[in-house]
Amino acid sequence: MHPPSRQDYVSISLTGQGSGSYNNSKHWRRQSCWRKWKQLSRLQRSLILFLLILLFICGISSYPTVTEHLKGLTDGEQDTDSNSVLKPVIPHVLPEPVKHGHPALPEQLSQRKLSNKRGPPILHRLQKKENASSTVAEDKPAGGKREGEEEGVISWHGAVIDTEHATEGTKDREKEDLPANPEAKSSKDSEASWLEEVREAFRHAWKGYKDFAWGHDELRPISKSYSEWFGLGLTLIDALDTMWILGLKEEFEEAKAWVTAELTFNKNVDVNLFESTIRILGGLLSTYHLTGDTLFLDKAKDIGSRLMPAFNTPSKIPYSDVNIGKGTAHPPRWTSDSTVAEVTSIQLEFRELSRLTQDPQYEAAVAEVMNQVHKLDGKLDGLVPMFINTNNGQFTHQGIYTLGARADSYYEYLLKQWIQGGKKEDQLLEDYLQAIEGVKKNLLQKSSPNGLTFVGELSHGQFSPKMDHLVCFLPGTLALGAHNGLPADHMDLARQLMETCYQMYVQMETGLSPEIVHFNMHQGSTRDIEVKLADRHNLLRPETAESLFYLYRFTKDHKYRDWGWKILKNFDKYTKVSSGGYTSINNVRDPDYPSPRDKMESFFLGETLKYLYLLFSDDPNLISLDQYVFNTEAHPLPIWPSTA
């Protein structure tokens, strides 16, 4: 039996509009909206009207920008579809931000036409959002300091990467907020402005060294202190010939006075044979040749004789370390090996010391090393392993081949010894030519998606697309060989590798190269270059500037100068310390905080700035490459006169 029914709802019938059916007519909706509008208070209606007027005004003001942006996107799509030429990426020169984190005021970028007549086939860059800033502002003057900036403190700043499109046949070059471009205006004034920028960079670095590290090995610019490696004034000696070449007479005389009064090698200290040879012996010999002052030759004889105990080994392959006070030598504590690069990259200096002193012992010692390496088993098409045992004289850790650390300058010195000696030592030339063919056969590959030519590594038959920044010496060495009559395809390869080395800079958010990169080789890769976290540091290295100098000196292609200029300005932006000096950094992928390492290597003054200065000079007789050969620390030594 069911309970009695109960009415639980109220039924309401609406009349008018079609017997209660839903009506969506425009007339009904207008009445409804008007009714709701009238129900609002006067204050609410006024506020809504104000907001609508404000939105209308904003829309009118932004209309040209929006249409220009949409037009640019459309043009970009058309270029991508119709033009296979790779487009350039231009890293802008930016200032330090206002202190306390306030963003710098943006400046309107001028519209620029880019010419691809001389420019490189530079790649689109895929920038990461977390590493890019939208702030663009005027660059601060070189050597300048912002108001309120503390001495010795670096203010780091973000960078904007502007992807712009080159137009085929465009005559006008990009106009940056830089000194006069020597390509656009080839006057002596424009060249002088670039050279003066390098001098200013050197003076700034020298100021830090003089104020905080005078007579010591290396400057620590952030902490306004120094570090010692050998305790022999390494930075000062390394920079002697740079000051002479740059015409910095006052600084040179200060340094010479220190060498005269303070430099002594009679110290109970262990030094690395290779580093002390290329930096100290090479620096003193070079300065002697440039100045004619026998003070530097006497010092060179002293250090050279003190390094000779390193060759007292069972195999005549030298130990890595020498005590220049005690006259003893030894291998590293952890091994009896020396690196192949170290024992085969001291020849230019010792050979020249023998020529100047008429004492054959120096040249004989280093020639024995080259003769043994020439005969050794364990090479791959002229490529050498990285280590050699000082007891038995055999290669160790075989099966690993690289043109990076521990092997790089072996190949460089094969060619340069041949040039130094007047192109008469055929064994050196044969080993060099064979090695370059070995590089082409085993280590040369192209990246994806844009086909950058790079030099990888081989480990027990397995190829690795890893390339050290150190390998960027190779374009310059190849070009030097081609200039001295070696095959023309060496110059072609030099140009390709030079482009790759520049891309290692321009594809980083700071515009500075990391220490090591890995190239993508898989189809479908979105960018050619990847950098591991541990490899993102920049040590102010010279190899790319070195090769740019050789390529410009031999080709006169002004794009190499342009590239060098951008690198110099990025050193200024991200590594310059206001109180003096430049610092290496930990992270080239983070322009907001590259993380300073608080160290200025001696080669920044000895090599990097020297090569940039020579790159910007149009005087082919300023260290003529037909009269001098540079050692691996950028110290020029004379090519021997022919005795035939």
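A disulfide joins cysteine 472 to cysteine 501, with an S to S distance of 2.1 Å. The pair links distant parts of the chain, 29 residues apart. Cysteine 472 sits in the loop between strand S16 (466–468) and helix H14 (474–483). Cysteine 501 belongs to helix H15 (residues 489–506). The model shown here is predicted. A search of the whole structure finds one disulfide.

Look at the link itself. The angle about the S-S bond is -105 degrees, and the link of cysteine 472 and cysteine 501 is left-handed. Are the two cysteines buried or exposed? Cysteine 472 has 0% relative accessibility, so it counts as buried. Cysteine 501 also counts as buried, because its relative accessibility is 0%. The cut-off for buried is under 20%.

How many bridges join S16 to strand S17? There are three, and S17 covers residues 516–519.

Next come the annotated positions. The UniProt annotation "active site", from an unreviewed entry, covers Glu275, Asp408, Glu515 and Glu543. Two of these positions are followed below.

Take glutamate 275. Helix H7 (residues 273–291) holds this residue. Glutamate 275 counts as buried because its relative accessibility is 15%, and the cut-off is under 20%. Which residues does glutamate 275 contact, leaving aside its neighbours within four places in sequence? They are Trp229, Phe230 and Ile280.

Turn to aspartate 408. Its place is in helix H12 (residues 408–420). Aspartate 408 has a relative accessible area of 13%, so it is buried. Neighbours within four places in sequence are again set aside for its contacts. Aspartate 408 then touches Ala341, Leu403, Leu470 and Phe473.

That contact list leads back to the start.

Terms used
Residues are numbered from 1 along each chain as its sequence is written. This is a predicted model: local features need pLDDT of at least 70, side-chain atom pairs count only at pLDDT 80 or more; totals for chains, interfaces and linings use all residues. Side-chain values use heavy atoms; hydrogens and water are left out. UniProt positions are given in the numbering used here, feature names are shortened, and annotations may be inferred rather than shown by experiment. Helices (H or I, at least four residues) and strands (E, at least two) are DSSP runs, numbered from the N terminus. Buried means under 20% relative accessible area, exposed over 50%, partly exposed in between (1.4 Å probe, protein chains only). Contact means heavy atoms within 4.5 Å. A disulfide is a pair of cysteine sulfur atoms within 2.5 Å. Two strands pair if DSSP finds at least two bridges between them.
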